[in-house]
Amino acid sequence: MKKILAFSGSNSSTSINQKLVEFITSEIKIHPTRVINLANYTAPIYSEDEEKNNGFPGMILALKQEISAADALIISVNEHNGSWSTFFKNTIDWLSRLDRNFLEGKKVLVMSTSPGKRGGVGALEYAKSVFPRFGADIVDSFSFPSFYDNFSVASKTVTDETLLLGLREVLSTFAHQI
């Protein structure tokens, strides 16, 4: 069994990407999963001066340790103006300064969701192009469109059968590839 670490790129207390991560991990039966909330791993805005004067933030060191301990990752990236949120970009900037290959040897399932019909596809495509630069092996990806139309927050379930089947297929591929 492989250890999976899962998180979203959001620091919002109402993050729909975090809700998607929590749903997906509840579907995994053959591997132990750990879900974290990146909002608990805050860091100042990256700058060379900040790094030189104060070193690496403790929460970035802790996050790097979490990533290192996992065999695989599930990351749901949120989208702001067609790309990652500033919060997530900052987290990635710090991690890549700490260790350029912080995703080396990690199998990654990348997802995204949004309230709109595109499902955060801009951020998803960006993640698929950037994560391999840090050593990630992207196993699969999934864009979940129109979150509030296709997911019940109250029951924490996907309400659209076709999307549910698609998610389960991607998750099955991921679980078998790791």
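Helices (H or I, at least four residues) and strands (E, at least two) are DSSP runs, numbered from the N terminus. The model is predicted, so local features need pLDDT of at least 70 and side-chain atom pairs count only at pLDDT 80 or more, while totals for chains, interfaces and linings use all residues. Residues are numbered from 1 along each chain as its sequence is written, and side-chain values use heavy atoms, with hydrogens and water left out.

**View A. The largest nonpolar core has 30 residues.** A nonpolar core is a set of buried Ala, Val, Leu, Ile, Met, Phe, Trp, Tyr and Cys residues joined through side-chain atoms within 4.5 Å. Buried means under 20% relative accessible area, exposed means over 50%, and partly exposed lies in between (1.4 Å probe, protein chains only). L73, V77, W84, F88 and F131 touch the most other members. Two or more residues come from each of β1 (4-8), α3 (58-69), β3 (72-77), α4 (86-98), β4 (107-113) and α5 (121-130). Helix α4 gives the most, with five residues. Another core, of 25 residues, lies apart from this one; L20, I24, F147 and L164 are among its members. In soluble globular proteins, nonpolar side chains tend to be buried together.

**View B. V77 sits in strand β3.** V77 counts as buried because its relative accessibility is 0%. Contact here means heavy atoms within 4.5 Å. Beyond residues up to four places away in sequence, V77 touches G9, N17, W84, F88, V110, M111, S112, T113, A123, L124, A127 and F131. S8 is 69 residues from V77 in sequence, yet the two C-alpha atoms are 5.6 Å apart.

**View C. W84 meets V77 and other residues.** Neighbours within four places in sequence are left aside. The contacts of W84 are then V77, N78, K89, I92, A123, Y126, A127, V130 and F131. W84 is one of the core members that touch the most others.

**View D. One cavity of 30 Å³ or more is present.** On a 1 Å grid over the protein atoms alone, a cavity is a set of points where a 1.4 Å probe fits but cannot get out; lining residues have an atom within 4 Å of a point. Grid points are joined across faces, edges and corners, and a volume is the space filled by probe spheres set on the points. The largest cavity holds about 50 Å³ of space. Its lining consists of F7, L38, L63, I67, I75, F88, T91, I92, L95, F102, L103 and F131. Helices α3 and α4 are the elements that give two or more residues to this lining. The largest share, four residues, comes from α4.

**View E. Helix α1 spans residues 16-27.** Its 12 residues reach 17 Å from first C-alpha to last, close to the expected 16 Å. The expected span is 1.5 Å times one less than the number of residues. Buried positions in α1 are I16, N17, Q18, L20, V21, F23, I24 and T25. At the start of the helix, a side-chain oxygen of S15 comes within 3.2 Å of the backbone nitrogen of N17.

**View F. E27 of helix α1 contacts R168 and L171.** Neighbours of E27 within four places in sequence are left out of this list. E27 is partly exposed, because its relative accessibility is 24%. E27 and R168 are 141 residues apart in sequence, with their C-alpha atoms 7.9 Å apart.

**View G. T33 belongs to strand β2 (residues 33-35).** T33 has a relative accessible area of 33% and is therefore partly exposed. Leaving aside neighbours within four places in sequence, T33 is in contact with I4, T25 and I28. L73 is 40 residues from T33 in sequence and 9.2 Å away, C-alpha to C-alpha.

**View H. S146 and K156 have positive phi values.** Most residues other than glycine have a negative phi. Phi of S146 is about 45°. S146 lies in the loop between β5 (137-144) and α6. Its relative accessible area is 10%, so S146 is buried. Phi of K156 is near 55°. K156 lies in the loop between β6 (151-152) and β7 (157-158). At 58% relative accessibility, K156 is exposed.

**View I. N150 lies in helix α6 (residues 147-150).** N150 is buried, since its relative accessible area is 13%. With neighbours within four places in sequence set aside, the contacts of N150 are F144, P145, T157, V158, T159, D160 and L163.

Notes. A polar contact is a pair of N or O atoms within 3.5 Å; within protein, one must be able to donate a hydrogen and the other to accept it, and residues adjacent in sequence count only if both atoms are side-chain atoms. On a 1 Å grid over the protein atoms alone, a cavity is a set of points where a 1.4 Å probe fits but cannot get out, and a pocket is an open set with protein on both sides within 12 Å along at least five of seven lines; lining residues have an atom within 4 Å of a point.
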